[in-house]
There are 2 protein chains.
Amino acid sequence: MDNQIVDEDDINSCVVNIYPLRGYYFGSKDAVLPKHHTYFDQLQKLKSNYSTNGMRVCVEAVMLVELLKQPHLLVLQMRNSFFKLPGGRLRLGESEIEGLKRKLSNKLSYNGNGVDDNWEVGECLGTWWRPDFETSLCPFLPPHVKSPKECLKLFLVKLPMNKSFIVPKNQKLLVVPIFQVHDNFKTYGQIVSEVPSLLSRFSFNMNNL
Amino acid sequence: MDNQIVDEDDINSCVVNIYPLRGYYFGSKDAVLPKHHTYFDQLQKLKSNYSTNGMRVCVEAVMLVELLKQPHLLVLQMRNSFFKLPGGRLRLGESEIEGLKRKLSNKLSYNGNGVDDNWEVGECLGTWWRPDFETSLCPFLPPHVKSPKECLKLFLVKLPMNKSFIVPKNQKLLVVPIFQVHDNFKTYGQIVSEVPSLLSRFSFNMNNL
């Protein structure tokens, strides 16, 4: 793609710069006690929050780094038991982008009072809906569902060349090759395993050094 | 979303207008003999084309219509046996957008000499690569694959409120609800069954009349 004349097709191409893993520092902070121990706890919380605040809106981040010339995804491993993307629930009235920055600062930076504003929230990659409390997420709002219980949005968060990630001691921030995540529902779950397809419209520029 | 003040989040929201099925006319034209009868024929063709022209580049269209307030996908059923999105292989040096317009005119319009230019090719939804002749498509170029055999790109094609689709008598253009296609690999195959997820970043405006 070097020195190529821009043509019509380039309107549609999205190039994302990703930087080598060696530019990032991974540290730890005090463990965070899990809010919900069981599926039942989680379900109760979703129900009680819904009755107070209505539909839960969550935002999560897709962050990529380069290792061995391959894009790798940053995935949180929680309590050695399951994998998720960093993010979380929005406060009432909070914008998606501000909420995601707050959640990323809270989960991946040193504890402090402020929000680390050095997160570049980019394109929305996908949206999922939870039609009812005990159903799984769908990439569309199914017909006749008038009051979905949760909405989850994924955003591409573009990392700078250098950054520190500080995660609680009882969690791990893993660097997983895209090809390992792809279609691997069993290990990574519904959302993470679809990330490679959702990213396939982008091309990655890894020649930054 | 009516009369809402544009905020930061709207930068990321993509609204796509889709129009009622009743605005479209579906007709037929002479049957087209299938180019390849068997998987073996297809494989031979892929190999011989590769040795002459290098990697095969294909483009396909995701086209949506509204029925019962739900988005529906236009899917071609070929010889009562399998489903695909309309599109096909690019000529050498042809741009993706021009090639897709040519293929759509050829496959879905009255036969004629010219290209029906009334196709609005929009966002790229995804890209797949075929690492080797007999492997399936991946949404990324796997490590160490230096000479992929095929590249497939999906584009959102935005339909006007009215249009005629004229398909060969031995094919059918089906109007399939998004929720039926979702995760339905067994019926619709790898690419079509992923379309709902790839579309989940868009919101659909169906209040056009």
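Predicted model: local features only at pLDDT ≥ 70, side-chain atom pairs only at ≥ 80, totals over all residues.
Figure 1. Polar contacts do turn up, with four residue pairs found across the interface of chain B and chain A, both partners at pLDDT 80 or more. Which elements of chain B each supply at least two residues to the side that touches chain A? They are helix H2 (96–108), strand S8 (120–130), helix H3 (178–181) and helix H5 (195–199). Strand S8(B) gives the most to this side, with six residues.

**Figure 2. The extent of the contact between chain B and chain A.** Here 29 residues of chain B are in contact with 29 residues of chain A. Together the two chains bury about 2,700 Å² between them. Of that buried area, 54% is on carbon and sulfur atoms.

**Figure 3. How chain B is related to chain A.**

**Figure 4. A proline of chain A that touches chain B.** Find Pro143(A) in the loop between S8 and strand S9 (150–158) of chain A. Leaving aside residues up to four places away in sequence, Pro143(A) touches Gln70(B) and Phe179(B). For a sense of distance within chain A, Pro143(A) and Glu60(A) are 25 Å apart in space, C-alpha to C-alpha, and 83 residues apart in sequence.

**Figure 5. The four-stranded sheet of chain A.** Strands of a sheet pair through backbone hydrogen bonds, and they may do so parallel or antiparallel. In chain A, four strands form an open sheet with mixed pairing, in the order S7-S3-S9-S8. Why is one side of S7 (87–89) and one side of S8 (120–130) in chain A left without a neighbour in the sheet? Both strands stand at the edges and each has a single partner strand, so one side of each has no neighbour there. From one strand to the next, the twist averages 20°. Now look at strand S3 (residues 56–62) of chain A: three bridges join it to S7(A), and the two run antiparallel. In this pair, Cys58(A) stands opposite Arg89(A) of S7(A).

**Figure 6. The four-stranded sheet of chain B.** Chain B also has an open sheet of four strands, ordered S7-S3-S9-S8, and its pairing is mixed. Strand S7 (87–89) and S8 of chain B are at the edges with a single partner strand each, so one side of each is without a neighbour in the sheet. Ignoring direction, neighbouring strands of this sheet are turned by 20° against each other on average. How many bridges join S8(B) to strand S9 (residues 150–158) of chain B? There are eight, and these two strands run antiparallel. You can find Trp128(B) standing opposite Leu152(B) in S9(B).

Terms used:
Residues numbered from 1 in each chain as written. Chains lettered and ligands numbered in written order. Heavy atoms only, no water. Pairing = 2+ DSSP bridges. Axes fitted to C-alpha atoms, helices over the stretch in contact; angles between N-to-C directions. Contact = heavy atoms within 4.5 Å. Buried area = accessible area lost by both parts, 1.4 Å probe. Polar contact = N/O pair within 3.5 Å; in protein donor to acceptor, adjacent residues only side chain to side chain.
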